[in-house]
Amino acid sequence: RTSDTPGSTWTVASAAGSVSGNTVVFSGINFTSASDGFYTVAYTVASASSTFGSPGGVSSGLGLWLKADAGVNGISNARFWNDYSGNCMYGLGTNSPVLTINASNYNPGIQLNGSGNSNTASTISSYFSLPSGFSSFSGAASFVAASPTVTRNNARFFDFANGSANNNIYFARSARTTQLLYEVYNASTGTQKTASAGSLDNSSIQLFSSNQLASTNAVTLQKNGLNYSLGAAQAIQNVSRTKNYIGLSNTNTDSTFGGLISEIILYNRELTTTEQQKINTYLSLKYGLTLDRTGMSSTYLNTNGDVIYTDGGTYWNNIIGIGRDDVESFYQKQSKTTTDTVRLYRSLNLTNQLNTSTISNSPSYLVMGSDGARMCSVFSSATHNEKPSGIITRLAREWKIYNTNFSDSYSLDIKLN
């Protein structure tokens with residue numbers, strides 16, 4: 001347009017943009033006005049969710065979606081982390097966050113060093129800062145796929161605020177314990193909600209989540225789908241937040257986060273139980289986690305709400321899966337248990353991103369779980385007597401495989417003791 005007047009309509013100058021990597025080139029533009037010209041870039045899709053998808057297919061209220069397998073600029077110095085919510089709440093890296101390409105289940109994570117506290121963050125601690133925003137809430141929900149590696153005091157997964165004790169919304173470790181901590185400040189008044197011991201561990205990938213109801217402010221935290229109901233937090237105030245961080249606290253005496261963060265998701269509203277189950281399913285299959293059976297009502301759900309794995313408890317161990325669901329940009333071509341004793345795959349490569357095999361149908365899933373028995377034969381057991389005639393012995397462990405619209409061939413590796 002020829003004037004910088006707010007509300008005036010833009011004119012399409014070139015509709016022939018070409019994309020190469022993250023660069024868009026417009027050629028042959030003929031700007032003939034004698035006055036100044038102003039330009040922007042637009043795209044012709046209905047919404048961000050139609051371009052990028054949304055976790056679990058839950059698009060309403062999606063305020064932030066950072067995932068280490070897409071939109072990260074830099075490896076030894078991850079300077080930029082793209083937001084796939086469509087809200088442009090990207091992260092800018094400070095002090096060299098490191099992209100680890102094979103962190104969990106063939107998927108990457110971003111390593112934050114956890115050095116020092118918020119007083120020294122500007123010089124030694126790695127973290128991400130986000131733009132101003134997070135101003136409109138009706139309840140709230142968050143999901144963090146992370147692997148803490150060091151025990152740091154009140155180390156934040158995220159802290160969105162206007163400073164210390166100033167309209168904060170944060171999710172963290174409680175002190176130096178193995179407990180999750182969630183807190184909301186109503187202006188300068190906060191109420192900490194702390195889950196029980198064991199709700200956070202070191203050195204393994206875990207799925208942490210929070211859900212705050214709009215009507216009562218009641219908070220439920222989860223670790224791998226296991227619920228911790230914690231009563232009411234402060235009401236979230238609808239003010240623009242200007243000091244928004246991943247891995248860094250707004251309180252100077254708190255430590256920075258040390259470990260891997262693979263994915264962070266934030267909603268500006270409370271989520272239903274079914275919506276939480278869908279997002280938990282997406283994250284657990286992506287990062288090779290087995291969810292709590294009670295918390296998941298014995299079912300894994302895809303974006304349509306269809307059951308893609310269910311069991312009464314016998315085969316609710318070491319659950320892994322491969323599949324494709326374009327609605328949530330899920331495309332897992334290889335998967336393994338955390339001990340790497342079982343691998344399920346279309347083909348194998350160093351990482352899922354490097355895997356060039358394809359999965360034909362979307363949505364389609366192949367999910368398997370085990371009974372957790374020993375990975376060796378036990379001659380005196382009842383399972384030994386179940387073997388067919390002519391077979392000398394069999395493993396004690398058994399697996400259940402659940403196929404949902406998966407039509408391609410696949411391979412299965414089992415590492416024997």
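**Close-up views of a predicted model**

**View 1. Pairing around strand β6.** Leu92 of β6 has Ser129 as its bridge partner in β9, and β6 pairs with strand β9 (residues 127-130) in the antiparallel sense over three bridges; strands are DSSP runs of E with at least two residues, numbered from the N terminus, and two strands pair if DSSP finds at least two bridges between them. Strand β6 (residues 91-94) also pairs with strand β5 (residues 80-81), again antiparallel, over two bridges, with Gly91 in β6 as the bridge partner of Trp81. The model is predicted, so local features need pLDDT of at least 70 and side-chain atom pairs count only at pLDDT 80 or more, while totals for chains, interfaces and linings use all residues. Residues are numbered from 1 along each chain as its sequence is written, and side-chain values use heavy atoms, with hydrogens and water left out.

**View 2. The open sheet β23-β22-β26-β27.** Four strands form this open sheet in the order given, with antiparallel pairing. Its edge strands, β23 (330-332) and β27 (399-404), each pair on one side only. Strand β22 (residues 317-325) pairs with β23 over three bridges, and Tyr331 in β23 is the bridge partner of Arg324.

**View 3. Val19 at the surface.** Val19 lies in strand β1 (residues 18-20) and counts as exposed because its relative accessibility is 62%, where exposed means over 50%, buried under 20% and partly exposed in between (1.4 Å probe, protein chains only).
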